[in-house]
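This report looks at a few local features of one protein model. Keep the sequence and the 3D view open while reading.

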Amino acid sequence: MVMGSRLGEGSGPGGEGGAERRAATGDEWVITPVGAGLLRGALEVERTALGVLPHRLPARARAQFPDQYLGMVEAQPSGVRLVFRTRATAVELDVLPTKIVYEGTSSTPQRLYDLLVDGRLTRQATATGGHVHTIDMPTRSVAIRPGAPGTVRFGGLPGGEKGVEIWLPHTEMTELIAVRTDAPVEPAPDPGRRVWLHHGSSISHGANAESPTSIWPALAASRGGVELVNLGLGGNALLDPFTARAIRDTPADLISVKLGINLVNHDLMRLRGFSPAVHGFLDTIREGHPTTPLLVVSPILCPIHEDTPGPTAPDLDAAELRFVALGDPADRATGRLTLNVIRDELARITALRAADDPNLHYLDGRSLYGEPDFAELPLPDRVHPDTAGHRRIGEHFAESVFCDGGPFARR
């Protein structure tokens with residue numbers, strides 16, 4: 001993808017107000033309600049009072065969520081994009097965002113919307129307004145401040161018939177109200193590419209990447225020429241049965257599951273529970289995808305947890321958000337999980353199963369981001385890569401997995 005000029009922040013009220021404002025200046029606009037026909041990367045679309053809310057897990061899974069935090073994470077549209085064809089040179093998108101703020105930080109982040117024209121990143125913009133959810137990290141309690149809709153504006157697009165994609169902010173819940181353009185919009189035809197469904201932690205979700213197309217799964221999908229369905233769930237790659245069932249029931253040509261770091265972060269289980277839970281997770285996926293190429297990916301390098309168990313907690317003495325490991329390395333002897341323990345067990349499990357499942361593969365996450373990468377591109381908060389780190393992981397994944405002879409090579 002090639003970056004074009006970046007627009008300023010979106011502003012002003014959403015809904016019909018934007019159309020009325022433009023109509024008053026004599027411009028003619030086409031208003032297109034947002035529906036499932038314009039969306040890719042979402043498993044379900046919920047109708048709301050104003051428009052629609054994309055979901056990355058189905059209602060059946062959402063009914064089993066253990067806490068409000070997972071509900072917010074699942075509704076953050078990482079990998080979700082509007083896709084259509086049009087001759088429009090100006091596009092406006094009315095949205096009601098829900099912005100996430102962490103207790104103790106001083107500002108509300110402005111998340112980017114990426115607009116691609118025929119696959120090339122051409123414009124970026126933000127939306128003002130919206131709800132604000134303030135999260136207390138130690139307790140995960142959430143304080144809610146309601147807000148109003150806003151409008152994201154993209155102008156100066158090239159003329160002529162073209163494919164347009166608007167990738168939604170990957171860490172900001174986004175209620176979609178309407179698309180407004182200066183020429184008609186029609187849904188884009190099926191591109192005929194293979195569908196890659198990926199599940200992972202906050203790193204797969206896109207934590208610390210600056211824009212939705214700079215998260216590593218989006219970069220890898222672009223290089224691999226596949227359609228992405230991203231089930232990266234920040235803090236919640238926890239071998240949950242409802243997630244396995246969602247993967248089982250979702251059409252896909254390629255599946256990968258990146259497992260391990262969140263289990264350490266939460267200090268959720270011991271080795272005795274981890275091993276059968278991995279088997280059960282893979283068994284469930286195979287019920288719906290018995291021969292689909294399935295790749296198990298272990299954690300990338302994370303020095304604070306290579307040999308030290310969790311839980312993970314914010315470093316309260318640091319000036320910026322950083323994390324520390326609270327576990328005792330000696331507790332590995334009692335079955336507490338570290339990243340090295342998890343990698344060894346995932347490698348053992350996949351080798352055992354691959355004897356009867358030739359389409360099951362294993363990838364050590366340190367081949368995506370290991371010691372040399374950490375030396376060059378350290379983890380700013382000690383857990384998550386920055387944008388350059390996401391680029392490195394995406395490049396390594398594409399080179400290892402989509403290449404000739406790789407697990408996801410076209411056959």
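Helices (H or I, at least four residues) and strands (E, at least two) are DSSP runs, numbered from the N terminus.

## Basis of the report

The model is predicted: local features need pLDDT of at least 70 and side-chain atom pairs count only at pLDDT 80 or more, while totals for chains, interfaces and linings use all residues. Residues are numbered from 1 along each chain as its sequence is written, and side-chain values use heavy atoms, with hydrogens and water left out.

Most residues other than glycine have a negative phi, and most peptide bonds are trans. N208 is not a glycine, yet its phi is positive, about 75 degrees. N208 sits in the loop between α4 (202-205) and α5. With a relative accessible area of 39%, N208 is partly exposed (buried means under 20% relative accessible area, exposed over 50%, partly exposed in between, with a 1.4 Å probe and protein chains only).

D267, also a residue other than glycine, has a positive phi near 50 degrees. Its place is the loop between α7 (261-266) and α8 (271-288). The peptide bond from G310 to P311 is cis, with omega near 5 degrees; P311 is in the loop between β18 and β19.

## A buried serine

S298 lies in the loop between β18 (294-297) and β19 (312-314). Its relative accessible area is 0%, so S298 is buried. A polar atom of the S298 side chain lies 2.9 Å from the backbone nitrogen of G365. Not counting residues up to four places away in sequence, S298 touches several residues, including K258, R343, Y362 and D364 (contact means heavy atoms within 4.5 Å).

## Nonpolar cores

A nonpolar core is a set of buried Ala, Val, Leu, Ile, Met, Phe, Trp, Tyr and Cys residues joined through side-chain atoms within 4.5 Å. The largest has 48 residues, and L239, I247, V257 and F274 have the most contacts inside it. Among the elements that give two or more residues to this core are α3 (68-75), β16 (227-232) and α9 (339-354). The largest share, 6 residues, comes from α8.

Leaving aside neighbours within four places in sequence, F274 is in contact with L239, L263, M269, L337, I342, E345 and L346. Apart from this core lies another, of 28 residues, among them L116, I215, A221 and Y369.

Conventions: A polar contact is a pair of N or O atoms within 3.5 Å; within protein, one must be able to donate a hydrogen and the other to accept it, and residues adjacent in sequence count only if both atoms are side-chain atoms.
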